[in-house]
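Open the model in your viewer and keep the selection panel handy. We will go from stop to stop, and at each one I will tell you what to pick.

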Amino acid sequence: GFSFMGIESKGKRILLIFDVSASVLNKARRSDISLAKIKEETISLLQQLPINARFGLIQFTQNFKAFREELLAANDANRAAAKAWIEDEWVETGSMQASAKVKRNPRGVVGVFELAAQMLPDVIFLISDASFQWKEGGSLGDVPWEEIAKIVKGSLQGKEGCTLNFIGFEMKPEDRRKMESVV
């Protein structure tokens, strides 16, 4: 077992997904959770993982940036590379423009979960405020909760039995209810 942000879990294929949008960063700060604290917790989790575990990291606003697009063995070299990525590549501006390192993603959190499903995690930690937008069809709008539930309950939890741990900041009551129904 291991702990992340006070949540105990078990698994050998761990994926951490961070919503680094401006709203989440601001809400986390108001909750006295600094970006530095989240980084520390992430590095601490990586150090807790046994050598036979695998891990991955993804940051997203709408677009996303993955440490790697596959889960890596929790060996010393990969932990060191992940720590360097966390220290050097972490998005602190609240936005991510598509680039060589940042994938364009009009599907928002659904696109992130699609990548997550390909990685085959058995445990996911998601930090967000549960206010998800996408540009499906060309215009910005809220991601329908039915779409989130479909990918989580189907591709993530269905065949692989993945546990989704959600760490939420200042969620709207309706978003909280919807997220609780999904996890």
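Helices (H or I, at least four residues) and strands (E, at least two) are DSSP runs here, numbered from the N terminus. What you see is a predicted model, in which local features need pLDDT of at least 70, side-chain atom pairs count only at pLDDT 80 or more, and totals for chains, interfaces and linings use all residues. Residues are numbered from 1 along each chain as its sequence is written, and side-chain values use heavy atoms, with hydrogens and water left out.

**Stop one: a loop residue**

Start by selecting Glu 170, which sits in the loop between strand 10 and helix 6. Its phi is near 40°, a positive value in a residue other than glycine. Is Glu 170 buried or exposed, or something in between? With a relative accessible area of 39%, Glu 170 is partly exposed; on this scale buried means under 20% relative accessible area, exposed over 50%, and partly exposed in between (1.4 Å probe, protein chains only).

The side chains of Arg 30 and Glu 170 meet in a salt bridge, 2.8 Å from N to O; the term stands for a side-chain nitrogen of Lys or Arg within 4 Å of a carboxyl oxygen of Asp or Glu. This pair links distant parts of the chain, since Arg 30 belongs to helix 1 and Glu 170 to the loop between strand 10 (163-168) and helix 6 (173-182), 140 residues apart. Arg 30 is exposed, at a relative accessible area of 53%.

**Stop two: pairs within helices**

How many salt bridges does the structure hold? There are twelve. Side chains of opposite charge can pair when their charged atoms come close.

Select Lys 37 and Glu 41, whose side chains form a salt bridge of 3.1 Å, N to O. They are four residues apart in helix 2, so about one helical turn separates them. Glu 41 is buried at 19% relative accessible area, while Lys 37 counts as partly exposed at 34%.

Glu 174 is partly exposed at 38% relative accessibility, and Lys 178 is partly exposed at 29%. Then select Lys 65, Glu 89 and Lys 101, which salt bridges with shared partners join into one network.

**Stop three: another positive phi**

Move to Leu 120, in the loop between helix 4 (108-119) and strand 7 (123-128). Phi is near 55° at Leu 120, a positive value in a residue other than glycine. Leu 120 is partly exposed, with a relative accessible area of 35%.

**Last stop: the cavity**

A cavity is a set of points, on a 1 Å grid over the protein atoms alone, where a 1.4 Å probe fits but cannot get out; its lining residues have an atom within 4 Å of a point. Grid points are joined across faces, edges and corners, and a volume is the space filled by probe spheres set on the points. The count comes to one cavity of 30 Å³ or more, and the largest cavity has a volume of about 60 Å³.

To show its lining, select Phe 18, Asp 19, Val 20, Val 24, Leu 25, Ala 28, Leu 35, Ile 38, Trp 90 and Ile 127. Strand 3 (13-19), helix 1 (22-30) and helix 2 (35-48) each give two or more residues to this lining. Which element gives the largest share? Helix 1 does, with three residues.

Methods:
On a 1 Å grid over the protein atoms alone, a cavity is a set of points where a 1.4 Å probe fits but cannot get out, and a pocket is an open set with protein on both sides within 12 Å along at least five of seven lines; lining residues have an atom within 4 Å of a point.
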